[in-house]
Amino acid sequence: MNGADVLCDVLLANDVNICFANPGTSEMHFVAALDRRPEMRCVLGLFEGVVTGAADGYARMTNRPALTLLHTGPGLANGLANLHNARRARVPMINVVGDHASYHLALDAPLTADIESLAAPMSNWVRRIEGPDDVARATQAAIYASLSPPGIATLILPADAAWGEARPPASAVIDRPAPPATKGEAIRSAAEAIRKARGRAALLVRGTAALADSLEIAGQISAALNVRLFSEVQVAHMQRGIGRVAPTRIPYPIDAASEVLADIDVLVLVGAPEPVAFFAYPGKPGRLVHKGCQVLTLAAHGEDLKRALEELREELGIKSSQTVPQAKTVPDEGRPSGALTEDAVAVIVAQKLPDNAIVCDEGITSARRFFSLSEQSAPHDFMMNTGGAIGIGIPLSIGAAIACSDRKVLNLQADGSGMYTVQGLWTQARENLDIITIVFANRTYAVLHGEMRNVGVQTIGENARRMLDLDNPLLDWVSMAKGLGVEAARARTCEEFTGLFDHALSRHGPFLIEAVI
């Protein structure tokens, strides 16, 4: 048994059985070991950003780590943008990065790189395997690190550690870390502050606190004591739809966010950091709460957030039978018709969203209305780009579809950011994943036009336009999708879009709609 075999066995013994991969020469012994273990599902991505983004989507839907397999420093570097998003989503993930044999590093061969330094900014834990007999210990440590609290663990696998003779561990299974309990003082402090600021207090939820059962508890607290309920600007994972408690999402624009939070004197964080502006702008604040707002942490990432909400409810004297008000009524938008617009796409998708779907939203500005409209859609799971590094939508949908193969996945995808990881459509086709990709084809980086105005530039000249617009030539998403094996069609009217969306919902497998808006 070699080190690669031991690595596989330890992973499988701890229920890590999905490998998103883009391997190279240094990883061939590990590839051979994976080949000997059909219980490990291996999914090829044609670009490392697809690999890391797919592992993120899988983790968000399962709360379990997937494995990524990357080729030396350059392969890891190609995947760093979506590792950044995954770290911001605070998901468990294990990256195995192959490297030269330890004795070969001194020769400074072309692919030699400082993998530790590349990995550190986007990882919560990094370790290099010291040799064949260190494989089991290092792998167990990586699994533990990915779960405590959930985060990104990067394990560097030298080729000689993979091919060398190795002893299997006496026990491959780790003792999984239990989430720490919330401190009683944090519960009491939050309860006291909420009582004193009744009507001017709020909860900000994320992570498992944004899932349906936890939201029900947060909704009871909100209803009993007039506590506002918020989610972050960029939602990592939330369970939404009719019959579920719906937090107000903090707006992206600073002025709008500051206005929403203007009357909040106490903000209680449940698994979330304090909300701040995405960027600095001249003359605008970085913090979104007002200067006098008291910001308290009820429970931090990695703690048992549902239990923390239960204890807060108990401390506040609210009964578990407290009624939660129904979500506000969303206006009837009717049936959109005529020329297709971004709002019409949002309305149609929200109206027709199937029960138990998963929505991955990287529509950027084009999909902005969907979140509010989907409050009374069929129950569904909702995920967004969490770190601001664009190119997550297509990979995220891949990971979600592999995690939940019995559910329909919808990807609301801006055209500019979609081009970063368009290779992921090929993986959708190869794996026959049940994903509908809706591309908002506005042929521009619309968000950047808005950011130019935000920094005070009102007139955009030719040089700026050439950096912000996606024309000359126009992107042909239908041809690209078909070339990568995904059935696709184009819609220019609401009627065409509705017909294509109905068709995509009626079938299994990947389908792309280019929505020309």
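Before the first click, a word on contact: it means heavy atoms within 4.5 Å. This is a predicted model, so local features need pLDDT of at least 70 and side-chain atom pairs count only at pLDDT 80 or more, while totals for chains, interfaces and linings use all residues. Residues are numbered from 1 along each chain as its sequence is written, and side-chain values use heavy atoms, with hydrogens and water left out.

**Stop 1: the cores.** Select L203, V349 and F497. These have the most contacts inside the largest nonpolar core, a set of 66 residues. α13 gives the largest share of this core, seven residues. A nonpolar core here is a set of buried Ala, Val, Leu, Ile, Met, Phe, Trp, Tyr and Cys residues joined through side-chain atoms within 4.5 Å. Buried means under 20% relative accessible area, exposed over 50%, and partly exposed in between, using a 1.4 Å probe and protein chains only.

Now show what surrounds L203. Leaving aside neighbours within four places in sequence, its contacts include I194, A218, F230, V270 and L312. For a second, separate core, of 49 residues, pick V50, A54, M93 and C360, which are among its members.

**Stop 2: helix α21.** Select residues 494-506. Helices are DSSP runs of H or I with at least four residues, strands are runs of E with at least two, and both are numbered from the N terminus. How far apart are the end C-alpha atoms of α21? They are 18 Å apart, which agrees with the 18 Å that its 13 residues should span at 1.5 Å a residue; the expected span is 1.5 Å times one less than the number of residues. Its buried residues are C494, F497, T498, L500, F501 and A504.

**Stop 3: the six-stranded sheet.** Follow the strands in the order β2-β1-β3-β4-β6-β5: this is an open sheet with parallel pairing. β2 (41-44) and β5 stand at the edges with a single partner strand each, so one side of each has no neighbour in the sheet. On average, neighbouring strands are turned by 20° against each other, direction ignored. Two strands pair if DSSP finds at least two bridges between them.

Zoom in on β1. β1 and β2 pair over four bridges, with I18 opposite R41. Next, β3 (66-71) and β4 pair over six bridges, and L67 stands opposite I94.

**Stop 4: helix α5.** Select 80-89. Seven of its 10 residues are buried, including L83, H84 and A86. Among the elements they pack against are α3 (48-62), β4 (93-99) and α15 (393-403). Just past the helix, R90 takes a positive phi of about 60°.

**Stop 5: D134.** Look in the loop between β5 (125-128) and α7 (135-147). Is D134 buried or exposed? D134 is buried, with a relative accessible area of 4%. A polar atom of its side chain lies 2.9 Å from the backbone nitrogen of E130. Beyond neighbours within four places in sequence, D134 is in contact with R127, R128 and I129.

Conventions: Polar contact = N/O pair within 3.5 Å; in protein donor to acceptor, adjacent residues only side chain to side chain. Axes fitted to C-alpha atoms, helices over the stretch in contact; angles between N-to-C directions.
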